Amino acid sequence: MALSITFFLVLSTLTLSPLCIASTGTGLNLDPQFYDHSCPKAQKIIQSIVAKAVAKETRMAASLLRLHFHDCFVKGCDASVLLDSSGSIISEKGSNPNKNSARGFDVIDKIKSALEKACPLTVSCADILALAARDSTVLAGGSSWEVPLGRRDSLSASISGSNHNIPAPNDTLPTIITKFKLQGLNLVDLVALSGSHSIGQARCTSFRQRLYNQTGNGFPDSTINKVYASQLRSRCPKSGGDQNLFPLDLASPTKFDNKYFKNIVAGKGLLNSDEILFSKSKASMELVNKYADSVDSFFKQFSKSMVKMGNINPLTGNKGEIRKHCSKVNN
């Protein structure tokens, strides 16, 4: 994906979706102008480093977006996902959803280092994750939104929460709906946020069962397009090749658009958690069709749902801290 040299101009002039504070009230203390006086260059610094990282490796846009998601679903949006194991902390990086999968930590570290030089102990790692997710989406061609800011960083991590709260590729639709509901997110948010799979890649091990043994009877998933399944089997055998990567959106793997939803309608969703949005619920199927038909509807709702997700249980005021290094708590 070629990066536009006018990225920063585009980002600043895009029509932003109206600020949507979570209905649960968990994000009411956040403010898009939080750093206007304490660190006025914060957003430009983050944008610049994210742009360089994505120019170097297109996949990084999806990785940074995913980090924010995996952070917010565990203890709220508090940068707990960034902590390394130390003392009483067991890192979430070793959980099932993150091990050999979560990436982009080095980019976050570069951003934090630059911000510490510009305005020491001011910008939280949690806010860096939220802004990097927005910038990554824009760089990939997606919508923009105002990011409410003022989150603080946690003093602990939860590998148990990471293992149990983050939706898994093989979860049933009711299970995924429940995991979203526990975070204050509804079905509309679930389907719209699943659209983040418009970019990025997934490992063979994440969808192998769909190709060979979907329900334990030795047969493949009947909802997957047969030609597409054959293409996948060529590089995802019954055994071996666990780490082989496949685009989540085979139509436009590096462009953030609504082709992801069109793929699902055609039986070409890669993960089970993608395809069940169309095959297991009339309500979610209607939303998939809506976003497949209108990229504007998808972008508008994705922006709203990203703000809503970013408002999950933030630490504000005197809670938590502003970490000097994102991978460890302050001494």
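Select Phe 256 and Phe 299: both are buried (under 20% relative accessible area, with exposed over 50% and partly exposed in between, using a 1.4 Å probe and protein chains only). You are looking at a predicted model, where local features need pLDDT of at least 70, side-chain atom pairs count only at pLDDT 80 or more, and totals for chains, interfaces and linings use all residues. Residues are numbered from 1 along each chain as its sequence is written, and side-chain values use heavy atoms, leaving out hydrogens and water.

**The aromatic pairs**

The whole structure holds 15 aromatic pairs. Rings of Phe, Tyr and Trp (its six-membered ring) pair if their centres lie within 6.5 Å; planes under 30 degrees apart are stacked, over 60 edge-to-face, and the rest tilted. Phe 256 and Phe 299 make a tilted pair, with 6.0 Å between centres and 45 degrees between planes. Phe 256 is in the loop between E2 and H11, Phe 299 is in helix H14, and 43 residues separate them. Helices (H or I, at least four residues) and strands (E, at least two) are DSSP runs, numbered from the N terminus.

**The annotated aspartates**

Asp 249 lies in the loop between strand E2 (245–247) and helix H11 (259–265). It counts as buried because its relative accessibility is 0%. Its side chain reaches the backbone nitrogen of Ala 251 at 2.9 Å. Beyond neighbours within four places in sequence, Asp 249 contacts (heavy atoms within 4.5 Å) His 197, Ser 198, Asp 257, Lys 259, Tyr 260 and Asn 263.

Asp 257 is in the loop between E2 and H11. Its relative accessible area is 7%, so Asp 257 is buried. Not counting residues up to four places away in sequence, Asp 257 touches Ser 198, Asp 249, Ser 252, Phe 298 and Phe 299.

**Helix H3**

Select residues 60–72. Helix H3 has 13 residues and spans 19 Å from first C-alpha to last, close to the 18 Å expected (1.5 Å times one less than its number of residues). In H3, 12 of the 13 residues are buried. Their cover includes helices H2 (42–56), H4 (105–118) and H14 (295–310).

Note on methods
Polar contact = N/O pair within 3.5 Å; in protein donor to acceptor, adjacent residues only side chain to side chain.
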